[in-house]
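Good morning, and thank you for coming.

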Amino acid sequence: MRHSRMPRKSLPAAVVGLALAAALGGVAPTATAASAPAGSAETYAAYERSQENQAANKAFFEAVQRSVAEQRAANPGALAVTVTYNTRNAPSFRSQISRSTQIWNSSVSNVKLQEVSSGGNFAYYEGNDSRGSYASTDGHGRGYIFLDYRQNQQYNSTRVTAHETGHVLGLPDHYSGPCSELMSGGGPGTSCTNAYPNGAERSRVNQLWANGFAASGLGAKG
């Protein structure tokens with residue numbers, strides 16, 4: 001299993017980020033073994049640059065793109081990409097998920113997030129995990145975002161949710177970034193409450209999904 005991690009202040013060995021673990025659908029997320037880095041900026045920065053972290057981010061994004069392409073193949077005239085999700089297994093975080101969706105949908109134009117009652121390209125789950133919150137895929141075009149209770153009490157919950165959703169849209173962690181950078185995650189500390197992607201992050205998502213849409217054979221948005 002591969003994991004992309006973000007520090008959680010009270011548990012130096014805890015992780016947040018991207019894992020290759022369980023399938024979407026009726027199967028709940030399960031913990032996977034992880035060798036978490038020590039809780040220092042240098043160690044997290046080193047992991048951020050590691051081949052393991054880069055491969056995990058790439059795998060999750062590609063899995064979501066494959067799922068979107070499969071679902072939209074029957075509608076080749078579509079002019080926009082829609083990534084669908086469900087929240088039935090994360091009822092406590094519905095307001096934060098809704099807010100993070102609004103943030104992303106107002107920030108980018110080449111892809112939109114849309115809630116569905118079941119199924120979807122990915123799902124949100126909630127629970128307790130010493131690693132914190134993370135995004136995961138089974139490698140077959142399906143995935144989920146797991147939201148950890150304790151970590152969402154320590155950090156701004158909408159920022160956590162928007163950060164993990166950023167992985168769905170193709171963005172990697174950047175722990176050394178400032179609070180103004182959404183994908184810096186927990187790097188700036190618990191006082192950081194920014195839940196908005198900055199200009200570079202918005203531009204990157206638009207670029208990724210413009211390219212991804214064209215590569216899927218469904219056409220490109222003008």
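In what follows, contact means heavy atoms within 4.5 Å. The model is predicted, so local features need pLDDT of at least 70 and side-chain atom pairs count only at pLDDT 80 or more, while totals for chains, interfaces and linings use all residues. Residues are numbered from 1 along each chain as its sequence is written, and side-chain values use heavy atoms, with hydrogens and water left out.

Let us start with Ser 107. Leaving aside residues up to four places away in sequence, Ser 107 touches Pro 197 and Arg 202. Ser 107 belongs to helix 3, residues 94-107; helices here are DSSP runs of H or I with at least four residues, strands are runs of E with at least two, and both are numbered from the N terminus. With a relative accessible area of 15%, Ser 107 is buried. Buried means under 20% relative accessible area, exposed over 50%, and partly exposed in between, using a 1.4 Å probe and protein chains only. The side chain of Ser 107 also reaches the backbone oxygen of Ile 103 at 2.6 Å.

Helix 3 has a partner. Two packed helices are described by the angle between their axes and the distance between the axes. The axes of helix 3 and helix 5 (residues 157-168) come within 9 Å and cross at roughly 55°. Helix 3 is therefore oblique to helix 5. Axes are lines fitted to C-alpha atoms, for helices over the stretch in contact, with angles running from 0 to 180 degrees between N-to-C directions. Under 35 degrees counts as roughly parallel, over 145 as roughly antiparallel, 65 to 115 as roughly perpendicular, and the rest as oblique. Among the residues that meet there are Ile 103 and Trp 104 in helix 3, and Thr 165 and Gly 166 in helix 5.

I turn now to the aromatic rings. How many aromatic pairs does the structure hold? There are seven. One of them, Phe 93 with Tyr 149, is stacked, at 6.2 Å centre to centre and 15° between the planes. This pair links distant parts of the chain, 56 residues apart: Phe 93 lies in the loop between strand 3 (81-89) and helix 3, and Tyr 149 in helix 4 (residues 149-154). Rings of Phe, Tyr and Trp (its six-membered ring) pair if their centres lie within 6.5 Å; planes under 30 degrees apart are stacked, over 60 edge-to-face, and the rest tilted. Phe 93 is buried at 5% relative accessibility, whereas Tyr 149 is partly exposed at 29%.

Notes
A polar contact is a pair of N or O atoms within 3.5 Å; within protein, one must be able to donate a hydrogen and the other to accept it, and residues adjacent in sequence count only if both atoms are side-chain atoms.
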